[in-house]
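Let us take a friendly walk through a protein model. Have a look at the sequence and the structure below, and keep them at hand as you read.

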Amino acid sequence: MASPYSQELNPAEPTPAHPAAQSEVFVDEVDDCESEDESDDSIRQSNSDLESGGTTVANTPYVAGSHASSSSGLSDSKKHNEKAAVRVRQLVPDIDPLVYHGLDASPLPPKKGNRLYRYLRWNFGSVYRRIFCLAFLGNAAAVLWFIIRCGIENRPILTYQQAATAVTANLLMALVVRNEHVVNGMFWVFGTWARVLPFWARTLCAKIYSYGGLHSGGAVAATFWYIIYLVLLTIDFRSQEGPLDAIRGYIYLFGYSIIAMLVTMLIFAHPRIRVLMHNSFENTHRFMGWTVIGLFWAQIMLETADSSNKSSPHHSFGYFLVRNAAWWMLLFTTLLIAYPWSRMRLRNVEAEVLSPHCVKLNFDYRDVYFGQAVRLTDAPLKETHAFGVIPHPLAPTAAELAGEKSAITGEPVQRLSHGGDKGFSVIVSHAGDWTRKIIDHPPKQIYTRGTPQFGVMRCAGLFSPVIVIGTGSGIAPCLSLFTQRPDHPVRIIWSTPNPLQTFGRSLLDLIYKTDPAAVVIDTRKTGRPDLVKVTYRIWEQSRNGIFPEELKPEARRPCEAVVIISNQKVTEKVVYGLESRGVPAYGALFDS
């Protein structure tokens, strides 16, 4: 099948200007994954999305195997010479991207099973929730075992000291799985080395980014164990004769203060509340979490002093402390919390303004791997923000400098800066007050916290070829794969307002160099596309052996999986829409 990219444009003809748009990842208007439009006219154009800002070039649909002629007035021989040098394409057409890219616009095949089956399989039964249930139900089984033993032996089996140990064990698990080195280790094993495994095993390993289920499952279990601890503590203290002394009074005070804060943290961590009140979630999670750990320390010390005072024969405070498993686990938990903050550093940064809506920050203090993210902040105690890193590209060879032409203009390719240098960059686009401040007043120094940490984009390396989807500034984490693994077979779909004006030609040139048949959609011209349909049709064509003629030879194979970087609504809709039709799809989680 011939590709529709064969339209010829005059390289000297200026690209029409369009109003610059905010480069934040746009929000899909669909709340329920089941409500996606299955019709072939699912791409709707609203008045606000049809701001052309000027006259656009011709966008005649293309017939397979044909080449549209140029309307620029060039002679036939000149056009032939230009065609031989580089095929210049219309960057973003004004027509349905399905039509322009030669994709089937008919309705998609139905999803598997009925609605209840799909909900249990891909929504409620997601890998993240399965891991959460495994962590929580494992603790529930332990409680049930203690209850059964208590009934059989007709005596108390579980003590409040054992319940306190269970609390600290679950908190330790919740924090270990969040440690950056542990996360990176899991991604090295399951997201990198696993690429030698069969396809079915790789599809399972790629779900490693769902590890957050252990974090939330452990935290919820710790809260329920703490309730059990308080009940057992109260029963034990009330069963003893004598008035309540000061030590036990403070143990009560700290205990009920801790449970109040744990419950508050769980409420704000609920996915819906977390989205609606994200800043409140971050503040409660951080500052209440630190307070809870401090009160735990005070409570354990008081309990140890109480046990020492009432022991017979008498034993020292240190004797009871070093034999308390909860004390040791609380010590490791505290170190895990403090460790990332001990690696807070003020870094020099070079700001490279791409547009009024986007800035590229360049760092030179270390190298990184594709699929990682770094945490940045200018107010460490107030907020931190994670950004996908872009490793500095390899230095171009002499042949590349002399021969490569832009697929957009036909002129020499524009490259990302710092080619061959040590370091990496991040792209900050307008998505809120903090990013607006960074764009308007680019910093010369900024704090980084911890070490770069792998995320879902690392899983793209498990599949070859892989379809990579980015919306808005979500393309930035994808660039890490394109720069560090330029020969990795990929198909690229990028949907964003005004891509050229917002992000610059060097980024577009990199995308078209990586995938000459990339689908770049300007939502200011065509409206928001049906990404499920566009992606499925590209996947379907590859499975049927149909490829655009521009596609690299190594990418002319059936696509194995899809990885998307977008906002929560779009990610959930696309992943669900593809998985329910049998396409392996992966996207970041937002409730982990």
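**The chain as a whole**

Please keep in mind that this is a predicted model. The secondary structure of the protein chain comes to 21 helices and 13 strands. Of its 592 residues, 51% count as buried. Among the contacts with a separation of 6 or more, 79% are between residues 24 or more positions apart.

**How helices pack**

Two packed helices are described by the angle between their axes and by the distance between those axes.

| Helix pair | Angle between axes | Axis distance |
|---|---|---|
| Helix 4 (residues 127-153) and helix 8 | roughly 25 degrees | within 7 Å |
| Helix 5 and helix 13 (residues 325-342) | about 25 degrees | 9 Å |
| Helix 8 and helix 9 (residues 246-269) | about 160 degrees | 10 Å |

Begin with helix 4 and helix 8. Angles under 35 degrees count as roughly parallel, and these two helices are therefore roughly parallel to each other. Helix 4 passes helix 8 in a right-handed crossing. On the helix 4 side, the residues in contact include Y128, I131, F132, A135 and F136. On the helix 8 side, G212, G213, G217 and G218 are among the residues that meet them, as are F224 and W225.

Next come helix 5 and helix 13. With their axes at about 25 degrees, helix 5 is roughly parallel to helix 13. Their crossing is left-handed. Helix 5 contributes residues including A164, T165, L171, L172 and V176 to the contact, while helix 13 contributes residues including A325, M329, F332 and I337.

Is helix 8 roughly parallel or roughly antiparallel to helix 9? The angle is about 160 degrees. Angles over 145 degrees count as roughly antiparallel, and that makes helix 8 roughly antiparallel to helix 9. The crossing of these two helices is left-handed.

**Aromatic rings**

Now look for the rings. The model has 31 aromatic pairs. One of them is formed by Y160 and Y229, which sit edge-to-face at 6.2 Å centre to centre, with 65 degrees between the planes. Y160 lies in helix 5 (residues 160-176) and Y229 in helix 8 (residues 212-238), so this pair ties together parts that are 69 residues apart in sequence. Both Y160 and Y229 are buried.

W188 and Y369 form another edge-to-face pair, at 5.1 Å centre to centre and with 85 degrees between the planes. This pair also links distant parts of the chain: W188 is in helix 6 (residues 180-191), and Y369 is in the loop between strand 3 (358-363) and strand 4 (372-379), 181 residues away. W188 counts as partly exposed, at 25% relative accessibility. Y369 is partly exposed too, with a relative accessible area of 38%.

Which residues form one aromatic cluster? They are Y160, Y226, Y229, F237, Y252, Y256 and F296. One ring of this cluster, F237, has R248 lying over its face, at 4.1 Å from the ring centre. Elsewhere, R449 lies over the face of W341, at 4.7 Å from the ring centre.

**Two residues in loops**

Where is I208? Its place is in the loop between helix 7 (199-205) and helix 8. At 12% relative accessibility, I208 counts as buried. Leaving out residues up to four places away in sequence, I208 touches M186, F187, F190 and C459. I208 and Y128 are 80 residues apart along the chain, and their C-alpha atoms are separated by 9.3 Å.

The other residue is K382, in the loop between strand 4 and strand 5 (383-388). Is K382 buried or exposed? At 58% relative accessibility, K382 counts as exposed. Apart from its neighbours within four places in sequence, K382 is in contact with N283 and R286. From K382 to R286 the separation is 96 residues in sequence and 9.5 Å in space, C-alpha to C-alpha.

Key
Residues numbered from 1 in each chain as written. Predicted model: local features only at pLDDT ≥ 70, side-chain atom pairs only at ≥ 80, totals over all residues. Heavy atoms only, no water. Phe/Tyr/Trp six-rings, centres within 6.5 Å; stacked < 30°, edge-to-face > 60°. Helix = DSSP H or I, 4+ residues; strand = E, 2+ residues; numbered from the N terminus. Buried < 20%, exposed > 50% of the residue type's maximum accessible area, 1.4 Å probe, protein only. Lys NZ or Arg CZ within 6 Å of the ring centre and 35° of its normal. Axes fitted to C-alpha atoms, helices over the stretch in contact; angles between N-to-C directions. Parallel < 35°, antiparallel > 145°, perpendicular 65-115°, else oblique. Left-handed = near helix turned anticlockwise from the far one by under 90°. Contact = heavy atoms within 4.5 Å.
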